[in-house]
Amino acid sequence: MGFEKREIVLIVGVLFLMIGMLPFIAPVYAVVIAAAIYFGMRVFVGRRRKQIQKAMGEGMCAVCGQRIVNNKCPHCDAEKQT
């Protein structure tokens, strides 16, 4: 998982959450909770991205939106053959 621009938004959001928790709980707990949320979000997004890439396969057909298999669209190529 590489660093991306939107990760800055996540860092800033978690930082503001941590600052908001400081008056109510000990600073150590606020830092631990913020770190857990940050790494939890990174793991969740990474797994979701892999799941989407696995579902996409080689890509999507621009005409019908079907999943491409063996560099061919099963739906469009079947119509061309008939």
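**Glycine 57**

I began at glycine 57, which sits in the loop between H2 and helix H3 (74–81). For the helix names I used DSSP runs numbered from the N terminus: helices are H or I of at least four residues, and strands are E of at least two.

**A note on the model**

I kept in mind that this is a predicted model, in which local features need pLDDT of at least 70 and side-chain atom pairs count only at pLDDT 80 or more, while totals for chains, interfaces and linings use all residues. Residues are numbered from 1 along each chain as its sequence is written, and side-chain values use heavy atoms, with hydrogens and water left out.

Next I looked up asparagine 71, in the loop between H2 and H3. Its phi is positive, about 60°, although asparagine 71 is not a glycine. Asparagine 71 is exposed, at a relative accessible area of 70%.

Lysine 72 is also placed in the loop between H2 and H3. I noted lysine 72 as exposed, with a relative accessible area of 53%.

**Whole chain**

I then stepped back and counted three helices and zero strands. Along the sequence the pattern reads α-α-α. The radius of gyration is 21 Å, well over the 12 Å that the globule rule gives for 82 residues, so the chain is more spread out than a compact globule. That radius is taken over C-alpha atoms, and the rule is 2.2 Å times the number of residues to the power 0.38. The C-alpha atoms fill a box of roughly 70 × 20 × 15 Å along the principal axes.

Of the 82 residues, 16% count as buried. I also checked contacts, meaning heavy atoms within 4.5 Å. Among those between residues at least 6 apart in sequence, 23% join residues at least 24 apart.

**The core**

Which residues make up the largest nonpolar core? I wrote down six: Val14, Met18, Met21, Ala30, Ala34 and Tyr38. Helix H1 (6–21) and helix H2 (27–56) are the elements that give two or more residues to this core. Such a core is a set of buried Ala, Val, Leu, Ile, Met, Phe, Trp, Tyr and Cys residues joined through side-chain atoms within 4.5 Å.

I followed valine 14 and found that it touches Ala34, Ile37 and Tyr38, leaving out residues up to four places away in sequence.

**Isoleucine 33**

My last stop was isoleucine 33, in helix H2. At 35% relative accessibility, isoleucine 33 counts as partly exposed. Leaving out residues up to four places away in sequence, isoleucine 33 touches Met21 and Ile25. From isoleucine 33 to leucine 15 I noted 18 residues in sequence and 11 Å in space, C-alpha to C-alpha.

Definitions and conventions. Buried means under 20% relative accessible area, exposed over 50%, partly exposed in between (1.4 Å probe, protein chains only).
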